[in-house]
Amino acid sequence: MKNTVINKNAIIGKNVHFGNFTTIENDVIIGDNSWLGNNVTILSGSRIGSNCQIHSGAVIGGIPQDLKFQNEYTLLEIGNNNIIRENVTINRGTSTKGITHIGNSNLIMANAHIGHDCFIGNNCIIGFSVGMAGEVVTGDFVNVSGLTAVHQFSRIGSHTMITGLSRIVKDIPPFITVAHEPLRFAGLNVVGLRRRDFSLKKIEEIKAIYRIIFQEKRNTKKALELIEQNFEPTFVREEILNFIKSSKRGIVKGIME
């Protein structure tokens with residue numbers, strides 16, 4: 001550990017590896033069996049779980065890039081089993097939420113940025129050079145492909161697949177793939193759903209629901225009414241309905257709109 005600086009007040013778990021020229025500031029917690037490469041910077045307010053990898057050049061817990069930030073005390077919380085690759089930057093929260101949260105078992109690829117007060121679920125893949133502005137929320141098993149830009153306050157539902165070079169300015173409901181420019185519904189994330197052991201019957205149910213929303217030329221309010229009338233309550237129906245009803249930005253458009 002050449003020229004590595006670890007503040008005496010940092011709390012470090014068992015069997016943690018530090019690379020050369022790495023800096024760990026005050027008010028940092030790192031869990032057991034984590035691995036930090038060379039030139040990693042972990043700033044005050046960071047909470048990192050166990051079995052994480054943080055690769056060279058990453059800056060974790062930087063102050064928010066937000067003009068309303070007034071140096072208030074906020075946190076960055078990163079769960080267990082995450083892989084954070086080279087030159088990733090993740091900012092801590094602002095007074096809005098007080099915390100940026102990264103769940104468990106995520107892969108955040110090189111050069112990605114996750115802004116203040118974001119909430120990233122579990123088992124997500126954040127691709128190369130993805131840029132997430134502040135207060136973005138994702139569900140679990142989300143795959144955001146490389147060079148995608150995500151507008152602040154956007155919401156991304158669970159089990160979604162977003163193609164590379166996308167521009168996200170509307171909410172993306174769960175279980176779907178989005179593509180094209182402007183970004184729009186491109187079908188179900190069938191490969192991802194099968195990997196997560198969704199049955200054929202469940203996939204067909206999701207497909208039928210989204211046919212009403214995206215392919216039958218109805219406004220969103222009428223489509224949701226038809227779904228409530230014609231589909232039995234199931235976890236996928238409720239997740240789709242609740243997501244769309246709670247959207248403040250509106251959802252992406254359908255295939256032919």
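Which residues have the most contacts inside the largest nonpolar core?

1. In this predicted model, the largest nonpolar core comprises 65 residues, and I60, I90, M132, Y210 and I213 have the most contacts inside it. Contributions of at least two residues each come from strand 11 (75-78), strand 26, strand 27, helix 2, helix 3 and helix 4. Helix 2 provides the largest share of this core, eight residues. In soluble globular proteins, nonpolar side chains tend to be buried together.

2. Helix 2 spans residues 200-215, and its buried residues are K202, I203, E205, I206, A208, I209, Y210, I212, I213 and F214. The elements that cover these buried residues include strand 26 (176-179) and strand 27 (184-188), together with helix 1 (190-195), helix 3 (220-230) and helix 4 (235-245). After helix 2 comes K217, which has a positive phi, near 60°.

3. I60, one of the core residues with the most contacts, touches T41, I42, L43, S46, I48, I54, L76, I78, I84, V88 and I90, when residues up to four places away in sequence are not counted.

4. E135 is buried but forms no salt bridge. The nearest side chain of opposite charge is that of K97, at 4.3 Å, and a salt bridge requires a side-chain nitrogen of Lys or Arg within 4 Å of a carboxyl oxygen of Asp or Glu. Apart from neighbours within four places in sequence, the contacts of E135 are K68, T96, K97, H116, D117, C118, F153 and S154.

Key. Residues are numbered from 1 along each chain as its sequence is written. This is a predicted model: local features need pLDDT of at least 70, side-chain atom pairs count only at pLDDT 80 or more; totals for chains, interfaces and linings use all residues. Side-chain values use heavy atoms; hydrogens and water are left out. Buried means under 20% relative accessible area, exposed over 50%, partly exposed in between (1.4 Å probe, protein chains only). Helices (H or I, at least four residues) and strands (E, at least two) are DSSP runs, numbered from the N terminus. Contact means heavy atoms within 4.5 Å. A nonpolar core is a set of buried Ala, Val, Leu, Ile, Met, Phe, Trp, Tyr and Cys residues joined through side-chain atoms within 4.5 Å. Lys and Arg count as positive and Asp and Glu as negative; His and the chain ends are not counted.
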